[in-house]
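Please examine the sequence and the structure shown below before reading the briefing.

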Amino acid sequence: MTLRFTILASGSTGNSLLVEKDGTKVLVDAGLSAKKIEQLMEERDVRASELDAIFVTHEHSDHVKGVGALARKHDLPVYANEKTWEALNKQLGELAEEKIKVMETGSVVELGALQVESYPISHDAADPVGYCFYDGESKLSLATDLGYVSSKVKEKIADSEAIILESNHDIEMLRMGRYPWNVKRRILGDTGHLSNDAAGEALCEMLTGETERVYLAHLSRDHNLMDLAKLTVNNLLEERGIQADERKVELKDTYFDRPTKWDRLGREP
């Protein structure tokens, strides 16, 4: 069986990704209640009791809200780096010591049929990471909660068949929005969130013929629209001639309240 994945939820209100290969199933983050995560999984015909582990990108609540409850209920190991564990402190509640797995940033964990690699990103958290999942020569990359896309991040995710990439806000919508200026400055900064324009520029610089589709993710409900995000990113790609050559990429939706359809690596979705 090829690797398959579904983005259970994505946005400022909660984030979670489900990845499966040959019966091994893992979550990346659980930023909604455990009950809601279970419901979203059931919409894709998977029970939470079938999970093998949870991987955490960073300690913010929209990524870890349901982690502790899920881990306790279903006896799951939780993987995060040392600084993230320190920052989590009491957020997850009590976990059995053997379920606390320290995964060094930049390392690879082999769990059943899955190979999971973490890599460092820029965000206002203790030690935030993105993840890559490997299936032979194919790769899925998760890159959200980025203040900017560094050259190292571009290098890490450039040859992925599918990328889940942050496209958090439209800059003008954010500037005109209701947030106080200090919050806007945080979001716009190098440890904040990626704008539609920044997502498009990053893709222009790193896309190769390997990447077939990009899921635009972690959209702000206050300062973005999916159609606007796709239009902005696609216009930048077209300006660089990318959508007219062999690097043409499909831009795909994510949702804050429902999962995406299952997608598989190694073939057209």
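The model is predicted: local features need pLDDT of at least 70, side-chain atom pairs count only at pLDDT 80 or more, and totals for chains, interfaces and linings use all residues. Residues are numbered from 1 along each chain as its sequence is written, and side-chain values use heavy atoms, with hydrogens and water left out. Helices (H or I, at least four residues) and strands (E, at least two) are DSSP runs, numbered from the N terminus. Two strands pair if DSSP finds at least two bridges between them.

- Two bridges link strand β1 (residues 4-9) with β14 in the antiparallel sense, and Arg 4 has Arg 264 of β14 as its bridge partner.
- Strands of a sheet pair through backbone hydrogen bonds, either parallel or antiparallel.

- In α3 (residues 67-74), the buried residues are Val 67, Gly 68, Leu 70, Ala 71 and His 74. Buried means under 20% relative accessible area, exposed over 50%, and partly exposed in between (1.4 Å probe, protein chains only).
- These residues lie on the same side of α3, because they cover an arc of only 165° around the axis. The arc is that of the directions from the helix axis to the C-beta atoms.
- The elements that cover the buried residues of α3 include β3 (24-28), α1 (34-42), β4 (53-55), α2 (61-64) and β5 (78-80).
- Just after α3, Asp 75 adopts a positive phi of about 55°.

**Gly 14**

- Where is Gly 14 found? Gly 14 is in the loop between β1 and β2.
- Gly 14 is buried, and its relative accessible area is 0%.
- Apart from neighbours within four places in sequence, Gly 14 is in contact (heavy atoms within 4.5 Å) with Ala 9, Gly 31, Leu 32 and Asp 62.
- Gly 14 and Ser 61 are 47 residues apart along the chain, and their C-alpha atoms are separated by 7.9 Å.

**The sheet from β7 to β13**

- Another open sheet of seven strands has the order β7-β8-β9-β10-β11-β12-β13, with mixed pairing.
- Strands β7 (108-111) and β13 (250-252) are at the edges with a single partner strand each, so one side of each has no neighbour in the sheet.
- From one strand to the next, the twist averages 20°.
- Strand β9 (residues 129-135) runs antiparallel to β10, joined by five bridges; the bridge partner of Asp 135 in β10 is Ser 138.
- The hairpin of β9 and β10 has two residues between the strands, and Gly 136 there takes a positive phi near 65°.
- Strands β10 (residues 138-143) and β11 (residues 162-166) run parallel and are joined by four bridges. In β11, Ala 162 is the bridge partner of Leu 140, and Ile 164 is that of Leu 142.
- Six of the six residues of β10 are buried, so this strand is largely enclosed by the rest of the structure.
- Ser 138, Leu 140 and Leu 142 point one way from β10, while Lys 139, Ser 141 and Ala 143 point the other way.

**Nonpolar cores**

- A nonpolar core is a set of buried Ala, Val, Leu, Ile, Met, Phe, Trp, Tyr and Cys residues joined through side-chain atoms within 4.5 Å.
- The largest nonpolar core has 29 residues, of which Leu 165, Leu 203, Val 214 and Leu 237 touch the most other members.
- At least two residues of this core come from each of α5 (151-157), β11, α8 (196-206), β12 (213-217) and α9 (226-239).
- A second, separate core of 26 residues includes Leu 27, Ala 30, Leu 51 and Ala 71.

**Cysteines**

- How many disulfides does a search of the whole structure find? The search finds zero disulfides, a disulfide being a pair of cysteine sulfur atoms within 2.5 Å.
- Cys 132 is buried at a relative accessible area of 0%, and Cys 204 is buried at 9%.

Definitions and conventions: Axes fitted to C-alpha atoms, helices over the stretch in contact; angles between N-to-C directions.
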